[in-house]
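I opened this model to look up a few contacts, helix pairings and surface features. My notes follow in the order I took them.

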Amino acid sequence: DVHTGVVTNGLGSAAIEAAGGALQELILGRLYAERFLLNNSQEDLETARGHLLQLSRNGRVVLVALTGRDVLQGQAEASLAQMAEFEALLEDVALIIAERNQLRSDVLDPLGLEMTNDIDSKVEQIHEEQANTAIASQAVIDRTQMLLPVVPVLSVVLATAIAVFVGRSITGAVDKLRHSTRALAEGDVDTVVEGTQHEHEL
């Protein structure tokens, strides 16, 4: 509105040039301020500051040219006051971003590095434990594989021993019965027949 008022009221080429420059500096200052807010580049902040400073200079030239035109002068003063507030807010945000960056570099980055190192250490410990467990497991498997051929042999030996024991107990009882019955058959009535107290067939 101020720029349009300066041009339409024919306030002279210096005022028109200052108003156009102020508008241009306003657009560029806001553009670089927004770029700074997006990428936090110090270069963008410095460029925005430069444009806002030039806007203030051009604005003062326009204010002098608007002397006596109260409505336009009031609008120009209000616009410059808003831009001063904008510039102050930009500086506050720049300070907050600088503090955040300092916090990040002083506290968060070292903490993140420390946590990464701790995690890497834990992962290495887990890998070592897995390797040790694998070695121990392989040793158990190897011992088991060595014992596997022995188990059937032991089973056969044990089964044979049991069969011999059971077989001898049966054949021994049959042999005693045979001797007792032969002695009875030969007329020895004093022969004692052993095993009659048992209830099984023999």
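Predicted model: local features only at pLDDT ≥ 70, side-chain atom pairs only at ≥ 80, totals over all residues.

**Entry 1: the loop residue.** I started with N40, which sits in the loop between helix 2 and helix 3. Helices here are DSSP runs of H or I with at least four residues, numbered from the N terminus. Residues are numbered from 1 along each chain as its sequence is written, and side-chain values use heavy atoms, with hydrogens and water left out.

I checked the backbone of N40 next. Its phi is near 55°, a positive value in a residue other than glycine. N40 is partly exposed at 22% relative accessibility. For this I used the cut-offs under 20% relative accessible area for buried, over 50% for exposed, and partly exposed in between, with a 1.4 Å probe and protein chains only.

**Entry 2: the helices on either side.** How do the axes of helix 2 and helix 3 cross? I found that the axes of helix 2 (residues 13-39) and helix 3 come within 7 Å and cross at roughly 155°. The axes are lines fitted to C-alpha atoms, for helices over the stretch in contact, and angles run from 0 to 180 degrees between N-to-C directions. Helix 2 and helix 3 are therefore roughly antiparallel; that label applies to angles over 145 degrees, while under 35 is roughly parallel, 65 to 115 roughly perpendicular and the rest oblique. I noted the crossing of helix 2 and helix 3 as left-handed. Left-handed means that the near helix is turned anticlockwise from the far one by less than a right angle; clockwise is right-handed.

**Entry 3: salt bridges.** Side chains of opposite charge can pair when their charged atoms come close. My rule was a side-chain nitrogen of Lys or Arg within 4 Å of a carboxyl oxygen of Asp or Glu. How many salt bridges does this rule give? The count is three.

R35 pairs with D44, with the closest N and O atoms 3.7 Å apart. R35 is partly exposed at 38% relative accessible area, but D44 is buried at 5%.

R49 bridges to E46, closest N and O atoms 2.6 Å apart. R49 and E46 are three residues apart in helix 3 (residues 42-65), so about one helical turn separates them. I read R49 as partly exposed at 24% relative accessibility and E46 as partly exposed at 41%.

R49 also bridges to E91, again with the closest N and O atoms 2.6 Å apart. This pair links distant parts of the chain: R49 is in helix 3 and E91 in helix 4 (residues 70-147), 42 residues apart. E91 is partly exposed, with a relative accessible area of 25%. I logged E46, R49 and E91 as a network of salt bridges.

**Entry 4: helix 5.** I then turned to I170, which is found in helix 5 (residues 150-185). I170 is partly exposed, with a relative accessible area of 45%. Together with L158, I162, F165, V166 and V174, I170 makes a nonpolar surface patch of about 570 Å².

L184 also lies in helix 5. I found L184 partly exposed at 39% relative accessibility. How far apart are L184 and H127 in sequence and in space? They are 57 residues apart in sequence and 83 Å apart in space, C-alpha to C-alpha.

Terms used:
Helix = DSSP H or I, 4+ residues; strand = E, 2+ residues; numbered from the N terminus. Patch = residues over 30% accessible without salt bridge, like charges linked within 9 Å, V, L, I, M, F, W, Y side chains within 5 Å. Areas by Shrake-Rupley, 256 points an atom, 1.4 Å probe, with all protein chains shown as cover.
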